[in-house]
Amino acid sequence: MKGHERMPNPNHKSAEAGMTLVEIMVSLTIFALVMGALTAILFSSTRSSANTQQRADIQGACRQTLSLMSSELRQAGADPSIPPIGVLGIVYADSVSIHTRGDHTGNGAIQTTEPSEDVTYSYVDSTGVLTRNPGSGAVQVLGNLTDLRFRYYTETDSELTAVPLSAGDAALVHSIGIMLTGREGTASPFTLTSRVTLRNR
């Protein structure tokens, strides 16, 4: 008697059977969701990196400009000639503009060729631009600013708030405060401050 032969089950799926249409659609849907999430993460990372670079760029430019301004303002009123030539250190000053002079070389004359001894810094609120005028014309040194302010203090640290400064108050200035706020693109704004003590007061 022959052994009993097992009849094949028509409902049994072979291990080698292909994927059904439903399985393919589910797989494609999962793949699309994963790719969408990865793309969103990539775009977010790219935007964050761009914002970080923008912020670093404008911060670097602001720090360089602040250093230049501090160096030049510190020399206001320099008058090493013997006898002194009578340099007027602060010619004009208000909250967004300052004009200074100094005989840095001690040659008895105020030069307007670079490095200039007669410099005006001016900020325009409506454009967000800071210019520097060495006596030969204003040139933009920094843009993308949202604010810039100068403040003036006496030797006893009292603030001189009546601007533009009168000639009498200008002669009392012992230090100058600088505050600037910059912004580049969609990066968050940031503020830098400095307090410059005049060497010749």
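**View 1. Lining of the largest cavity.** Glu72, Thr100, Arg101, Gly102, His104, Ser116, Glu117, Asp118 and Val119 line the largest cavity. The model shown here and in the other views is predicted. Searching the whole structure turns up 1 cavity of 30 Å³ or more. The largest cavity holds about 40 Å³ of space.

View 2. By class, the lining of the largest cavity splits into 4 charged, 4 polar and 1 nonpolar residues. Two strands, strand 2 (97–101) and strand 3 (118–124), each contribute at least two residues to this lining.

**View 3. Arg132 in its strand.** Arg132 sits in strand 4, which spans residues 129–133. Arg132 counts as buried because its relative accessibility is 11%, and the cut-off for buried is under 20%.

**View 4. Polar contacts of the Arg132 side chain.** The side chain of Glu114 makes a polar contact with the Arg132 side chain at 2.6 Å. A polar contact at 2.8 Å joins the side chains of Arg132 and Glu72.

**View 5. Contact shell of Arg132.** Leaving aside residues up to four places away in sequence, Arg132 touches Leu68, Glu72, Glu114, Ser116, Val119, Thr120, Tyr121, Gly137, Ala138, Val139 and Val141.

Note on methods. Residues are numbered from 1 along each chain as its sequence is written. This is a predicted model: local features need pLDDT of at least 70, side-chain atom pairs count only at pLDDT 80 or more; totals for chains, interfaces and linings use all residues. Side-chain values use heavy atoms; hydrogens and water are left out. Helices (H or I, at least four residues) and strands (E, at least two) are DSSP runs, numbered from the N terminus. Buried means under 20% relative accessible area, exposed over 50%, partly exposed in between (1.4 Å probe, protein chains only). A polar contact is a pair of N or O atoms within 3.5 Å; within protein, one must be able to donate a hydrogen and the other to accept it, and residues adjacent in sequence count only if both atoms are side-chain atoms. Contact means heavy atoms within 4.5 Å. On a 1 Å grid over the protein atoms alone, a cavity is a set of points where a 1.4 Å probe fits but cannot get out, and a pocket is an open set with protein on both sides within 12 Å along at least five of seven lines; lining residues have an atom within 4 Å of a point. Grid points are joined across faces, edges and corners, and a volume is the space filled by probe spheres set on the points. Ala, Val, Leu, Ile, Met, Phe, Trp, Tyr, Cys and Pro count as nonpolar, Asp, Glu, Lys and Arg as charged, and the others, Gly among them, as polar.
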